[in-house]
Amino acid sequence: MRRVIISLFLVFALLGGQAYAVPTPEKPVELTMSSSWLEQHPGFQLGFKPWIEEVQKRTNGAVKITFYNPGTLCPEKEIFSAVTNGTIDIGFTILSKTPGKFPLGAIIDLPLLACRSSESTSRTIWALYNKYPEWAAEYKGVKMLAQFGAPPLHVYATKGFVKTMEDFKGKKFITFSPLHSEMIKAFGGSAVAMLSSETYMALERGMADGIFNTLAVARADKTSEVAKYTTLYGLGSGAFFVAMNQNTWDSLGPEIQKVFGELCGEALTIRMGKAMDLGGEQTKELMGKEGQQYYPLPESEGQRLYQAVLPIHEKFLNDMEGKYKNVRSIYKDARELAIKYEEERLAGKAGK
């Protein structure tokens, strides 16, 4: 990978007899960035795009990050490997794209863990990354810039709202994850596995009664056009990583590393959580104007759903205990932190 050297000239200020370093790049450091998201994804437009612009501004043009759509530089399921081996400089994607690669991160995938917003989930994931060495060890070989949470999943149905657990019984719901399939079965429904490209036709033709989806994706893939009844609660989430190739990081000068340090970590984690939530709210408003209807699930009914999926949690923990002795502590922290950070978000205190 081509590396560009930045020259730093020491400029002396005559007034006051002080000296200060001013980065004056002969050419900018050009970094590549890729993901499983397309550039028009709300999370990129509201989160990463302004972050990329701020990096360039704060480094006085010394760093230029160019984003490439999925599959351009590497297969989207190989983002982490591509960052590790230097095919790309910066990569981000959801962990579920590589099943089994990040076992502890899969805790965030557990249904009804308490991940009710991307912001609170993001803060939870970053806290776990910093608290537990075994969590961080899953990302060995890269410079971690941030970790953040996916938007919550909601229920989209074609023939009326899902208002109680009994409304799942005898109905078929589309799923893309084994854990979500187990969740649907725990509620009394049937899981239908298929490709995302097949969901619209399946819902339109009555081959399925609904789908679990996020707000933004439901509009992007147009399934909301044929599943007009949305039950809002937050049935699940997922974890993302944002990482830089270690050699790329080491090649940056201390002034540039300092800028990345200030703009990454907790700052980028919270930025992305807020961006994902904002994108979801904007999409929700747009879909409402297009005829989408919403039903906020009462907390009492949500707790019934939570109790129904506890055996799924227990099986996951039992399977993990042989390899990770702290898995139950991590799981406990994940749920408690998600609840705490969501309460803070609702009170307007998140990130303060």
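Not counting residues up to four places away in sequence, threonine 223 touches Thr199, Tyr200, Leu203, Asn213 and Ala218, where contact means heavy atoms within 4.5 Å. This is a predicted model, in which local features need pLDDT of at least 70, side-chain atom pairs count only at pLDDT 80 or more, and totals for chains, interfaces and linings use all residues. Residues are numbered from 1 along each chain as its sequence is written, and side-chain values use heavy atoms, with hydrogens and water left out.

Threonine 223 is found in the loop between helix H7 (215-220) and strand S11 (229-232). Helices (H or I, at least four residues) and strands (E, at least two) are DSSP runs, numbered from the N terminus. The side chains of threonine 223 and aspartate 221 are joined by a polar contact of 2.8 Å. A polar contact is a pair of N or O atoms within 3.5 Å; within protein, one must be able to donate a hydrogen and the other to accept it, and residues adjacent in sequence count only if both atoms are side-chain atoms.

Buried means under 20% relative accessible area, exposed over 50%, and partly exposed in between (1.4 Å probe, protein chains only).

| Residue | Relative accessibility | Class |
|---|---|---|
| Threonine 223 | 0% | buried |
| Serine 34 | 0% | buried |
| Threonine 214 | 11% | buried |
| Glycine 105 | 1% | buried |

Threonine 214 sits in the loop between S10 and H7. A polar atom of the threonine 214 side chain lies 3.3 Å from the backbone nitrogen of valine 217. Beyond its neighbours within four places in sequence, threonine 214 is in contact with Pro151, Pro152, Leu153 and Tyr156.

Serine 34 belongs to strand S3 (residues 29-35). Its side chain reaches the backbone oxygen of tyrosine 68 at 3.0 Å. With neighbours within four places in sequence left aside, the contacts of serine 34 include Phe67, Asn69, Ile79 and Phe92. Serine 34 and cysteine 74 are 40 residues apart along the chain, and 8.3 Å separates their C-alpha atoms.

Glycine 105 lies in the loop between strand S5 (90-94) and helix H3 (118-131). Leaving aside neighbours within four places in sequence, glycine 105 meets Leu95, Trp135, Glu138 and Ala239.

Now to a pair of helices. The axes of helix H5 (residues 178-186) and helix H11 (residues 299-320) come within 9 Å and cross at roughly 140°. Axes are lines fitted to C-alpha atoms, for helices over the stretch in contact, and angles run from 0 to 180 degrees between N-to-C directions. H5 and H11 are therefore oblique to each other; angles under 35 degrees count as roughly parallel, over 145 as roughly antiparallel, 65 to 115 as roughly perpendicular and the rest as oblique. On the H5 side, Leu179, Glu182, Met183 and Ala186 make the contact, and on the H11 side Ala308, Val309 and Ile312 do.

Which residues of H5 are buried? They are Leu179, His180, Ser181, Met183 and Ile184. Their cover includes strand S8 (172-175), strand S9 (190-193), strand S10 (210-213) and H11.

Both ends of H5 deserve a look. Serine 177 caps the N-terminal end, with a side-chain oxygen 3.2 Å from the backbone nitrogen of leucine 179. Glycine 188, whose phi is positive, near 100°, follows H5.
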